[in-house]
Amino acid sequence: MSEDDGIRLLLEQEGPYAFRISFEGAGLDALHTDESAPLGAGAGPNPSHLLLAGVANCLSASLLFALRKFKNTPGPIRTEIVAHKARNEAGRWRIPRAEVAIRLSEPAADLEHFDRVLAQFEEFCIVTQSVREGMQVDVRIIDADGAEYVPGGAGEAA
């Protein structure tokens, strides 16, 4: 899959709030997700877990990329991300903030150009920067007859 092909995932419902997520064209096994109780059975990560995993994983990979760019050979890193849900002004649950701690295997003083790595590694992280900038999400609903609807719109889409 080239970067021009886009990123395509397919979600198929398996239970009341459980889904099988296929990563089309990536040659990866499907991932099974589920909402936590009381909605779902908690049989897999929920969307909040996936969002935080995406942010933490992307930051970790970006840090490793930046370290290696400056000819470092870092040991394994360990990343922890913590977030708390809070209600917004409309009373809807959101994740307003996440705290990420990335632990290196070696002292920063032993790493080449560590100051430059710190100054730029976050810019390599597609997920974190997309979340920070507020990614636009366009949604349409297609019924069994093929009619398309836009949420918040005035009925059937053109």
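**Entry 1: the model.** I noted at the outset that this is a predicted model.

**Entry 2: the sheet.** I looked up the strands next. Three of them form an open sheet, in the order β1-β2-β3. The pairing is antiparallel. In general, strands of a sheet pair through backbone hydrogen bonds. I found β1 (9–13) and β3 (31–34) at the edges. Each has a single partner strand, so one side of each is left without a neighbour in the sheet. On average, neighbouring strands here are turned by 25 degrees against each other, direction ignored.

**Entry 3: β1 and β2.** I then followed one pairing. Strand β2 covers residues 18–23 and is joined to β1 by five bridges. The two run antiparallel. I also located Q13, which stands opposite F19 in β2.

**Entry 4: two helices.** I turned to helix α1 (residues 47–69) and helix α3 (residues 126–133). Their axes come within 7 Å and cross at roughly 125 degrees. That angle makes α1 and α3 oblique to each other. From α1, the contact is made by L51, G54, V55, C58 and L59. From α3, I126, V127, T128 and V131 take part. I sorted the contact of α1 with α3 by class: seven nonpolar residues, two polar and no charged ones.

Entry 5: Is C58 buried or exposed? C58 counts as buried, because its relative accessibility is 13%, under the 20% cut-off. C125 counts as buried too, at 1% relative accessibility. I looked for disulfides last, and the structure holds zero.

Definitions and conventions: Residues numbered from 1 in each chain as written. Predicted model: local features only at pLDDT ≥ 70, side-chain atom pairs only at ≥ 80, totals over all residues. Heavy atoms only, no water. Disulfide = S-S within 2.5 Å. Buried < 20%, exposed > 50% of the residue type's maximum accessible area, 1.4 Å probe, protein only. Axes fitted to C-alpha atoms, helices over the stretch in contact; angles between N-to-C directions. Helix = DSSP H or I, 4+ residues; strand = E, 2+ residues; numbered from the N terminus. Parallel < 35°, antiparallel > 145°, perpendicular 65-115°, else oblique. Contact = heavy atoms within 4.5 Å. Nonpolar A, V, L, I, M, F, W, Y, C, P; charged D, E, K, R; others polar. Pairing = 2+ DSSP bridges.
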